[in-house]
Structure formats: C-alpha cells, structure tokens
Amino acid sequence: MLTMPKNLPQPQLKPNTEVVLQKRYLRKDLSGKQVETPRDLFWRVASCIAAEEAKYNQSTCKGDVLARDFYDLMTSWKFLPNSPTLMNAGTDLGQLSACFVLPVGDSIEEIFDAVKYAAMIHKSGGGTGFSFSRLRPKDSRVGSTGGVASGPVSFLRIFNTATEQVKQGGTRRGANMGILRVDHPDILEFIRAKEKEGEFNNFNLSVGLTEVFMRAVENDEHYDLVAPNSGEVINRLRAREIFELLVKKAWQSGDPGIVFLDRINRDNPTPDQGEIESTNPCGEQPLLPYEACNLGSINLSCFYVPGHNDAADPARDGIDWAELKRVVHLSVRFLDNVIDASRFPLDSITETVRKNRKIGLGVMGFADLLYQLEMAYDSQQGLELGERIMAFIQEEGHKASAQLAVERGAFPAYATSVYAKKKLGPYRNATVTTIAPTGTLSIIAGCSSGVEPLFALCFTRNILDGERLVEVNPHFEAALADAGLFSHELMDAVVAKGSIQEMDYLPAKLRKVFVTAMDIAPVWHLRMQAAFQRHTDNAVSKTVNLTNSATEQDIFDIYWLAYQEGCKGVTVYRDGCKSIQVLATGEGQKKMDGESGAEPVQSGLSAAQVGAGVRKRPDIVWGFTQKVPTGLGVMYLTVNEVDGQPFEVFATIGKSGRSITAKAEAIGRLVSLALRSGVHVRDVVAQIKGIGGEHPVFRGKGLLLSIPDAIAWVLEKRYLKDEHIGDVNDLQAQNCPECGEPLVFQEGCLICPGCGFSRCG
C-alpha cells in the first residue's frame, strides 16, 4: 500500500455518511474497536487499486498520482465502487466483487458443490445467482439410485437455509437470485414458491421467459414443458394462463419477477463460452457460470452547473459534460484495476473473470439531478435526459476501455467475442456498463439511489432518547427556501402525507418537479428503465412502484411494455401487498398502528377485552410441557392455556448457570405478560422468532438459534400450523432490524435509508 501524503485532506462527511461508514466499512480490531478513520478507508482503497498500475509497462499513469486521483474521485462523492471493494481493498481478504453466478448441475455432487461455493462467496461479501433449470423435474427417476428426484424447489430450500447461516463478511447478509426457465416442468411450483410469507426469504426469484413463450402468449397458444435431463416434452400449457399467473403473484407479493433470457443472450458478448443462465441477486448483472463482476456508480448530482438550466441551449443545459467524461474514463480504469487486485474464492471464478474482465459502471443521483434541473421525472424531457446521459457514459466508457486495451491488451477472450466479429474494439472489458442498486452507496454519497425517483421528500429519523428528527431532501429544501415557503410545519405535513401532490397551496411547478416514487404512474417508471437500458451493456436495476389500488391488468400492461421496450427484466412492487407493510408514511402508518378506530383484528379477544389490562390468572389452568434442545442445554417449556389459546409460558434450562436460568425466566415472564395482555400468539412469534444466539442447534429440518427462537418454534408449531411466520429479519419486516427505521423497497431490494442495511448489497 502506498504511503499516505501528509497533506491529504479529510473527506467532508454528512451525518448519515459517518454513521454508515462506522457501522459497515471502517475496519475494527478483534475486540471490535475501530482502527480506521474515513480518510484511512478511502486512502486504503485508492492506494490498493492504484498499485495495480505497476503491472503494466505501457501505463500512462503513475501509481502515486493515480492513487491521489482515485482518492479525490471517491471523497468528492463523484464515484464510489461497490461495497466489497470499500470493505476489502487493501485487506487480507481482498475479495472486491459484488456479483457472482454459480452453476447448479443435475447431480447431488454438483448441487452441494454449489451450496458450498455460495457459502464461501457470501462469507467474502458477494451475492450469488443460480439457475435451477438444469435440475430434472420433481418425481423423475434417478438412474444411479433408482429413487425419484425432489425437484428444483426442494433444492432451492436447501440453498436458502444454508444462506441463513452465513453472514456476509461480518457486515452483509447473504443474498441470492434463483431463476427457473418458463419451460421447465416444475414451473408452476416455482411460481407459487413464495405464496407463504417468509418462505425463501434469502432469495429473489425470477422466471426466465423465452421468445417462444412470449410469442405463444401474444398468440394465445400452448407451449412445451421440457425435461432438461432427457429433452422429453412432459406437458403443454397455455402460455397466457402462465403469464397471467405471474402477473397475479406479482400483484399479491411482488414475487417472482421476470427476466427475458433470449434477450440477455442476444447481448452476450462471449457466446462461445456458453449461454447466460442467471443474474446477480437484483437482476442487473447477467453472468456466465463461475463469472463475477465488480460494479461502481457515478453520482450524477455532482455534475450540475448552477445557473445553466437552458434545455434549448446545449451549451447551457446545466451539466458539466467535460467533467463527466473525465470521471467516466477514470472510473473505468479504477474498475479494471479492481479485477487485478481482487482475490476470488475459487480458481474457476478467477479464470473466467480474467478471461472476460467484465466491469459494470453505472449511475446514482439521477433523481437529484432532475430536481436541480427543475425537470420532472415523469416527463418526456426527463426521459430524453436519462437516455442522453447514459448514451454519453456508454460511449465514453467504451472509449476508455479501448484506451486500456492499447496500454494493456484486450480481454483474453476478445478474439472469439462478438466485438471481433463485428470489427469493434479491441476492448479491455467484455462489458462496461450496468445500472446497479446503490442503496448504501447513495447514503454515503448523500444522493438519490440509482435511476430511481426519490421515495420520500422528507422523513423522520430516530435519534437519542426517543427524539425524532425530520430530514429533508436538500434540493427540495432549497427550492422551498427560494420560494419563501420553507417551514417546519410544512415539513411535518409532507412527512404525514408522503407527497406534496395534493397540496394545492404550493406552486404547480414545484409539485410537478418534486415527485416521488408513488406519485409517478407505472408506465413512466418502465419507460425510464427502458431509456437507460438502451445504452447499457448489461441490465438496469429498477423497481416499478404501484399504488395499493393498482390492478392485475396494470401489472400485465407493465410486463408487456417491458417486453416491447427492450428491457431485460422487470420488478414490480404494489404498495401494501405484503401482510406486513414495508414502508408507510403519515396517515397510512396511523392506520397500521391502530389509530383509525378500526376493530382489532385476529386478537383472539373481544374489543372490550383488548387494552383492558393484564388478565388475571384463573385458579386452575391446563397445559403441556415440551422438551426442546438448545445450544445452552435442554429447555423444558411449559405452556398453559385458557380457552385453547396460550396464556402463559415457563422456560427452564437444565444444568445451566444462574445467568442463563435468569434469562430463560425473564423471557418466559415477558412472553406471558404479552399473551395475558391480549397480544396474539402470531405477533409474539413474529417478534422472537429468528433471534440469533451463540450456539444454534438442529431441530427437524431447521435450526433453533436461541432460547427465544426455541420458544417461538414451539408456539408456532402448536398454534400456527397452517401459517409461516417470518422473523424480524424477513424481507417483509416493516422496519430495519438494525436501527428500526422504515425499510424502502427499490431496485429490487429492501434497503434502510437510515443506516444502510440492505438485503442485496
């Protein structure tokens, strides 16, 4: 690592940036003590990546100068690499890529190799994608054993359980994409896999649609289901019914999404190496088996030129194109160096990555740039700007890759790539651009995420001692100040409403420009995704947000428009489609909190009983005692009932120390208090299920993680037999499991705008 210059300036951090860096990125010693400052972090990354320049004799850059350029690039917030690079560059781990795809072959050995390899990748900080399309259908004969196959969905559950036990790099939970081709015989089971909330909570699922299938939908025809192991046609289904089922499931829960496999392979730059079967967890990075890609994003809000908002005059369009060009070229060099600096968990991944050298340069801060330019997201002008910006980045990115090829040579597989056949290049990288999720990165940079519209103009954040602070988008605040309209009362009203569209007392232009995700009609979400996709090598991570009142026909139309507009996949999310709402603002939150005057639901008690205080214990109660293994010893859980419902619990741990005995007794007393106060057993289970402990143990088909998790297991098994209750870490959880802030669903993933928690990286 290069020596840090003495005059290296400190990065200017916003409060959110500092919180996220301390929690997730700054290095700590074995005792958990922080041993790195933000300046140390960015210099560690910059110097590590710049040091790779010394490997190339023809390089036009010097390592020490380039390290300072990289440092300034990141600390000006104009560009940031993906999280594994920030976490691991210059460390012993040295795994710097976010996206991986692993093959899942049709044998027990290949399947469990994939499970093992995925665990290694998750541990190093990456996310994994899998296609389960090679697996033979459920109930097929297995020639080697004479038994029958259990099918893709059964093995998907094994992958999900394994992921649950691995926390990525100590900072990120495992994230996966599972894909099944629409012509696989088990496709109906796959489409319905997430009907029960909490199932496959470590996976995003997508159905791989083919051109044959889409033509059959259009013509209302049947299509073949083909066994991948034999090539035999197993069944024929009406394509439109399957498409409508996909729409229905997306309307109900957002899962599964869809990807257009043939379209992805049409743009495969190295088809001689095989077909692309899967993508990374959020769908924007199609990859070959055993391939990885490192990503980075340019913050477009940094390229606004104040006072130059004249769309009719290209010289005064409000964007610093010269600086954007410089940053694109520097960022491409940075990402190419990351490939050389990265140490991958498998030799096969190292070989494939360095053969193709794919990078994924994308953007964030687009919504903020539109605010600065006083341009509406849902407008033709906004679409044209998005397409113009991405076309510029695509063109300059490929020029930068071509320049690197002059200095360092083309990617090794160039000679057999589509570029060589079309006489394009040579290029250093098989792909250059990707629009990736930037949930945590955008918090660090202080900008909007990816190409998404802003989810809220202002929101409340929990701080010390229960106090709540209203945070306002700086461009919205500046616009209000310029108009002489800013007030704390107005901000409270915006938080309550979640939007300014119905505030007729605000200027019409202000309401037109400052739209949020739920203000925008679904078609504009999709058209913006398509605008960026037209100039992106890989794909675009984007969520089409819909109001709760959206119909299945609305989703049908979005899916079909995505196909017509050339998108490579699409994710929709209908507000409130989960039984536990992801994010509610203002009045919607009051309804969820029971402030609407509605009758209590599923409490097991009458309205008069609820809230009447703790019920007295009858003189005689009946119950049962169950023996449950835990990592701290055998627990004996006694559950007493009243009217067939749990009334109180007593937990004792055999041969345990006083501290453990006290904890078990305390948990039992608090659970009993909740039950006797009218809290439904379902809500108790949802709160304590999944709480982790130091010594998890196997029980049946799963793990018991701790004493509270074991209590939840007993209660769920006896009283909630037909339900699956997700734990507080499930995708459907309303609030962040780490800081308690409301979670936002965007870019195909849940993220926390407060602390940077993300299920997908």
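Modeller: Let's start with a word we need: two residues are in contact if they have heavy atoms within 4.5 Å. Helices (H or I, at least four residues) and strands (E, at least two) are DSSP runs, numbered from the N terminus. This is a predicted model, in which local features need pLDDT of at least 70 and side-chain atom pairs count only at pLDDT 80 or more, while totals for chains, interfaces and linings use all residues. Residues are numbered from 1 along each chain as its sequence is written, and side-chain values use heavy atoms, with hydrogens and water left out.

Biologist: How many helices and strands does the protein have?

Modeller: There are 25 helices and 25 strands. Of the 761 residues, 55% are buried (under 20% relative accessible area; exposed is over 50%, partly exposed in between, with a 1.4 Å probe and protein chains only).

Biologist: At what angle do α11 and α14 pack?

Modeller: Axes are lines fitted to C-alpha atoms, for helices over the stretch in contact, and angles run from 0 to 180 degrees between N-to-C directions. Helix α11 (residues 321-341) and helix α14 (residues 380-408) meet at about 50°, their axes 9 Å apart. The pair is therefore oblique (under 35 degrees is roughly parallel, over 145 roughly antiparallel, 65 to 115 roughly perpendicular, and the rest oblique).

Biologist: Which residues of α11 and α14 meet?

Modeller: Among them, Trp321, Leu324 and Val328 in α11 meet residues of α14 including Ile389, Phe392 and Leu404. By class, the contact of α11 with α14 has nine nonpolar, four polar and eight charged residues (Ala, Val, Leu, Ile, Met, Phe, Trp, Tyr, Cys and Pro are nonpolar, Asp, Glu, Lys and Arg charged, and the others, Gly among them, polar). As for cover, 17 of the 21 residues of α11 are buried.

Biologist: What angle do α2 and α3 make?

Modeller: Helix α2 (residues 38-50) and helix α3 (residues 63-75) pack at about 135°, with axes 8 Å apart. That angle makes α2 oblique to α3. Phe42, Trp43 and Ile49 are among the α2 residues in this contact, and Leu66, Phe70 and Met74 are among those of α3. The contact of α2 with α3 divides into 11 nonpolar, three polar and two charged residues.

Biologist: Is histidine 222 buried or partly exposed?

Modeller: Histidine 222 counts as partly exposed, because its relative accessibility is 43%. This residue lies in strand β8 (residues 222-226). Leucine 237 is 15 residues away along the chain, yet the C-alpha atoms of histidine 222 and leucine 237 are separated by 5.2 Å. Leaving aside neighbours within four places in sequence, histidine 222 touches Ala216, Arg236, Leu237, Arg238 and Ala239.
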